[in-house]
Amino acid sequence: MRIRGMTLILKPFGRRTFLAASLAVAAAPALASAQTPMTVYRDAGCGCCLKWAAMAGKAGFTVRVVDQADMQALKRRIGIPEPLWSCHTAMVEGRAVEGHVPFAAIRKMLAMGTKAPRGIAVPGMPVGSPGMEVPDGRREPFDVMAFDQKGTSWRFA
């Protein structure tokens, strides 16, 4: 078979294998652009949570926002250590994301696969963190903390 000056040899594999491989190559861009699902739980009265969720959508996540009546009970059920609590809690691929965590840190956690911590958090609501920007551009220093199932935490990023 000849395609624009190239000769394609189909002898090493059958027609069905060639067609399956062609479909896989054609589907790869669509699969690569699939967004990662994220559920964001928030108190209905909190507006910064919606801003962070909108930013998550722009960062490549498919976001579902759920108004949660008892955020403290949710955080306890998920296993987020109380000193790390913030205003909203997200779940991504079975991992917890507490507060205004930068999206690069979430991607880093997800890339770790089975070695990833139970979750990551930015405690409190630091000025200048994603969703907590101020017009003058001021930023409070903050760390992204990781935590495990036992409640132990450490600096993640």
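Reply: One term to start with: contact means heavy atoms within 4.5 Å. Also, this is a predicted model.

Me: OK. Using that, which residues does Trp-52 touch?

Reply: Leaving out residues up to four places away in sequence, Trp-52 touches Met-38, Val-40, His-88, Ala-90, Val-97, Gly-99, His-100, Val-101, Phe-103, Ile-106, Pro-130 and Gly-131.

Me: And what is the largest nonpolar core like, how many residues?

Reply: The largest nonpolar core has 22 residues. Trp-52 is among those with the most contacts inside it, along with Met-38, Phe-61, Val-97, Val-101, Ile-106 and Ile-120.

Me: Which elements give two or more residues to it?

Reply: Those are strand E3 (36–42), helix H2 (47–58), strand E5 (89–92), helix H4 (103–111) and strand E7 (119–122). H4 gives the most, with five residues.

Me: What about a second core?

Reply: A separate core of 13 residues includes Met-71, Ile-78, Trp-85 and Met-145.

Me: Which strands does E7 pair with?

Reply: E7 pairs with strand E6 (residues 95–99) in the parallel sense, over four bridges. Ala-96 stands opposite Gly-119 there. E7 and strand E8 (residues 145–147) run antiparallel and are joined by three bridges, with Ile-120 opposite Ala-146.

Me: Is the unit made by E6, H4 and E7 left-handed or right-handed?

Reply: The β-α-β unit of E6, H4 and E7 is left-handed.

Me: Switching topic: how many aromatic pairs are there?

Reply: The count comes to two. Phe-61 and Phe-103 form a tilted pair, 6.3 Å centre to centre with 45 degrees between the planes. Phe-61 is in strand E4 (residues 61–67) and Phe-103 is in helix H4, 42 residues apart. Ring pairs link Trp-52, Phe-61 and Phe-103 into a cluster.

Me: Are Phe-61 and Phe-103 buried or exposed, and why?

Reply: Buried means under 20% relative accessible area. Phe-61 has 4%, so Phe-61 is buried. Phe-103 has 9%, so Phe-103 is buried too.

Me: Where is Thr-39, and what is it in contact with?

Reply: Thr-39 is in strand E3. Setting aside neighbours within four places in sequence, Thr-39 is in contact with Arg-64, Val-66, Thr-89, Ala-90 and Met-91. Thr-39 counts as buried because its relative accessible area is 14%.

Me: Last one: what sits over the ring of Phe-156?

Reply: The charged end of Lys-108 does, 4.6 Å from the centre of the ring.

Technical notes:
Residues numbered from 1 in each chain as written. Predicted model: local features only at pLDDT ≥ 70, side-chain atom pairs only at ≥ 80, totals over all residues. Heavy atoms only, no water. Core = buried A, V, L, I, M, F, W, Y, C linked by side-chain atoms within 4.5 Å. Buried < 20%, exposed > 50% of the residue type's maximum accessible area, 1.4 Å probe, protein only. Pairing = 2+ DSSP bridges. Right-handed = clockwise from strand over helix to strand, strands pointing away. Phe/Tyr/Trp six-rings, centres within 6.5 Å; stacked < 30°, edge-to-face > 60°. Lys NZ or Arg CZ within 6 Å of the ring centre and 35° of its normal.
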